[in-house]
Amino acid sequence: MIVCHCTQISDHEIKAAIDWMRTADPETIITPGKIYHALGKRADCGGCMPLFLDTMRHCDNLGVAPPILRAKTDIAKDTHHEGRRKGHRLSQRGAAV
């Protein structure tokens, strides 16, 4: 199946690149950028990235997943504070004159 239409990358090529990188260095963290580089290509429009990442997630030989591939927890999905602690605004801290 073609994953990236701009560069004509298939799911088989992604899996082969992951296998190759894992064989070359068992401890490496494999990212989409490393896969593009290993295939001698560059990302173009980025429209393929959700399918590209999904293909990577389903590869048995991926090993340690970079943060972009890790599943979000339910807590992270429901937070709307962008990781800021409560009271991060000056108006919420009180006026210290």
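Helices (H or I, at least four residues) and strands (E, at least two) are DSSP runs, numbered from the N terminus. From that end on, the elements of the chain run β-β-α-α-α-α-α, which comes to five helices and two strands. This is a predicted model, in which local features need pLDDT of at least 70 and side-chain atom pairs count only at pLDDT 80 or more, while totals for chains, interfaces and linings use all residues. Residues are numbered from 1 along each chain as its sequence is written, and side-chain values use heavy atoms, with hydrogens and water left out.

Of the 97 residues of the chain, 28% count as buried, that is, under 20% relative accessible area, where exposed means over 50% and partly exposed in between (1.4 Å probe, protein chains only). The chain exposes about 7300 Å², of which carbon and sulfur atoms supply 55%, with areas from the Shrake-Rupley method and a 1.4 Å probe. Among contacts (heavy atoms within 4.5 Å) between residues at least 6 apart in sequence, 49% join residues at least 24 apart.

Two residues are set out below by location.

| Residue | Element |
|---|---|
| Gln8 | loop between β1 (2–4) and β2 (9–10) |
| Asp11 | helix α1 (residues 11–24) |

Gln8 has a phi near 55°, a positive value in a residue other than glycine, and Gln8 is partly exposed, with a relative accessible area of 45%.

Asp11 is buried yet has no salt bridge, the nearest side chain of opposite charge being Lys15, 4.5 Å away. A salt bridge here requires a side-chain nitrogen of Lys or Arg within 4 Å of a carboxyl oxygen of Asp or Glu; Lys and Arg count as positive and Asp and Glu as negative, whereas His and the chain ends are not counted. Leaving aside residues up to four places away in sequence, Asp11 touches Met1, Val3 and Thr55.
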